[in-house]
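This report walks through one protein model, heading by heading. Keep the structure open beside the text.

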Amino acid sequence: MLRLRLHLPPVLSLSYSHLRHVHSPKSRIFPCVFSFSQSPSLSYSSSVLPKPIPSFTNNAVADDWALESRYLSCCMPDKRLKVAVLLSGGVDSSVALRLLHAAGHSCTAFYLKIWFQEDFENFWTECPWEDDLKYARAVCEQVDVPLEVVHLTDEYWKNVVSYIIEEYRCGHTPNPDVLCNTRIKFGAFMDAIGSMDYDYIASGHYAHVVHPLPDQIDNPSTLELSKDMVKDQTYFLSHLSQAQLKRLIFPLGCLPKDEVRKLASRFNLPNQDRKDSQGICFLGKIKFSEFVARHIGEMEGVMLEAETGDFLGNHRGFWFYTIGQRQGLRLPGGPWYVVEKDVQNNVVFVSRNYFSVDKRRCLFRVGSMKWLSGSPPNQNCQLACKVRHGPGCYSCSFKMERGEDGSEDIAVVQLSEDDQGLAAGQFAAFYEAQTCIGSGVILESSDDQGFPVCAMALEIARMKDKSKLGKPVKIKAKLATPKTKPDQKGSTELGSASDDSQANVTVNGEQASQEEALPKISVNWLQNEWLRILKFPWPRKFFARNE
């Protein structure tokens, strides 16, 4: 039995066979596979007490129904459904719950706890889940929606965190958000409530699922782009299976973010002013580098300039760096970027020419392919590709090939334009018009596709005894040339400095530190100029006092 010292009543860990109802005045026990909270109510901490909530009246219910024509188009308002709503305590999921309630559906809210186990005690004090759960409960109380708490600690560690750690050990850059959606929110949780006869599972994701008509039930459901292209989260949902997609609805898929904020205010949600969450949920306020250091450790290696092989400094381990990284390098004369990694020899290659046109690439391979319809598209159709979350995407073509070991199909992707930040381990999502059709994991680039590291740098990287390199070289100033970033087309950046490098300015076409850029002024010159000013026949009015 594990007892926590928290503001909330103690949490009792049972034999993964029950789920506790913590909102209804009369607690109910449901057969399930996870542990639950022991108390039917939650106590508030005075320091984080949510805003007072007005009583919910019949007028409020009528106001909800007035929203149907404009806001409920992604809520299936023409049906009466039993919906399990994932509620995080944030604004988006709270508004999603209220919209579903306004559409007339029977809703039950579920809060997922994924904090770490006993041997992660140093992280527990930083986890904000207590506040999240209080806000989630307050939101449910407004409309008398029951709230369930589900523990998924072990599942999250096994299916997400362990995978992330192993990927970093291999020098890859995994995406925990994609894994959390496929393996936890719509994986382990979906399995947990499988016997509870919910028609759909809903969340606050910005995406739109289009389900087939009742007389076409055998047709696949499709994942469509949301109305808000900036907040669109289809990239994070692109690795779902068709079986998962058929059970999902996303009420916010038809709304832009600013409208969601307005609805939060209109509903007078207790969390309407909360900021959007950032980072990985299980870490709280802990830096990811600290988490990686604890679970992988540190091993000193060298940083080499990709173009010259110059020894620039040391690092704590290649797993702390990802392709395209700019912050944390602590090198002067920048900005510097990580361009390649030698995992076997623990070497990080960096360059100041990251955005040079001849260093970009548009050809890469993708494995672990998953198509939402269950089968790959026609290779002749026009597709778009996202290599990261955000509104930007590329036109692309692809062809399927057998992998080297013959165990899986590999997609060879050709983008319409070059991209600089392709990192192994990240996901590439594919779209046909407004429909997301699937995704896969970007694989290591072949020798002729990555950033061109010079032969000298590669030879130095293979050296067994790196102590022979001596001290790092003194970094020379770099010529300031205009560079256009692929995600900022048409804009140029002259001699910009990173947060962790020395500030840079341009002097006579060269990039130098602020100290180097100061003009060299002699004392005699200053004296002569001062005397010249004093001897000038200034009019008296310049020296008259102001009346």
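A residue is called buried when its relative accessible area is under 20%, exposed when the area is over 50%, and partly exposed in between. That cut-off is needed for helix 5, where 13 of the 15 residues are buried, so the helix is largely enclosed by the rest of the structure. The model is a predicted one.

## Overall make-up

The protein has 547 residues, and buried residues make up 50% of them. Its secondary structure comprises 14 helices and 23 strands.

## Helix 5

Helix 5 runs over residues 129-143. How far apart are its end C-alpha atoms? They are 22 Å apart.

Asp144 follows helix 5, and its phi is positive, near 55°.

## Helix 10

Helix 10 covers residues 257-266. Its buried residues are Lys257, Glu259, Val260, Leu263 and Ala264. Seen down the helix axis, they fall within an arc of 155°, so they line one face of helix 10.

Asn268 follows helix 10. The phi of Asn268 is positive, near 55°.

## Salt bridges

Side chains of opposite charge can pair when their charged atoms come close. How many salt bridges does a search of the whole structure find? It finds 11.

One of them joins Glu166 and Arg169, with 3.5 Å from N to O. Both residues lie in helix 6 (residues 153-169). They are 3 residues apart, about one turn of the helix. Glu166 is partly exposed, at 41% relative accessible area. Arg169 is also partly exposed, at 39%.

Arg388 and Asp419 form another bridge, their closest N and O atoms being 3.0 Å apart. Arg388 lies in the loop between strand 17 (383-386) and strand 18 (394-402), while Asp419 belongs to strand 19 (residues 409-419), so the pair ties together parts that are 31 residues apart in sequence. Are the two partners buried or exposed? Arg388 is partly exposed, at 35% relative accessible area. Asp419 is buried, at 2%.

Glu401 and Lys399 also meet in a salt bridge, at 3.7 Å from N to O. Glu401 is partly exposed, with a relative accessible area of 35%. Lys399 is partly exposed as well, with 45%. Elsewhere, salt bridges that share partners join Asp92, Lys231, Lys257, Arg261 and Asp276 into one network. Lys257 is also among the buried residues of helix 10.

## Aromatic rings

A pair of aromatic rings is described by the distance of the centres and the angle of the planes. The count for this model is 9 aromatic pairs. Tyr235 and Phe236 make one of them, with 5.6 Å between centres and 75° between planes. Planes over 60 degrees apart count as edge-to-face, so this pair is edge-to-face. Tyr235 is buried, at 1% relative accessible area. Phe236 counts as buried too, at 13%.

Which residues form one aromatic cluster? They are Phe110, Phe189 and Tyr198.

## Thr173

Thr173 is found in the loop between helix 6 and helix 7 (176-192). Its relative accessibility is 10%, so Thr173 counts as buried.

What does Thr173 touch, leaving aside residues up to four places away in sequence? Its contacts are Tyr168, Thr322, Ala423, Ala424, Gly425 and Gln426.

Key. Residues are numbered from 1 along each chain as its sequence is written. This is a predicted model: local features need pLDDT of at least 70, side-chain atom pairs count only at pLDDT 80 or more; totals for chains, interfaces and linings use all residues. Side-chain values use heavy atoms; hydrogens and water are left out. A salt bridge is a side-chain nitrogen of Lys or Arg within 4 Å of a carboxyl oxygen of Asp or Glu. Helices (H or I, at least four residues) and strands (E, at least two) are DSSP runs, numbered from the N terminus. Buried means under 20% relative accessible area, exposed over 50%, partly exposed in between (1.4 Å probe, protein chains only). Rings of Phe, Tyr and Trp (its six-membered ring) pair if their centres lie within 6.5 Å; planes under 30 degrees apart count as stacked, over 60 as edge-to-face and the rest as tilted. The expected span of a helix is 1.5 Å times one less than its number of residues. The arc is that of the directions from the helix axis to the C-beta atoms. Contact means heavy atoms within 4.5 Å.
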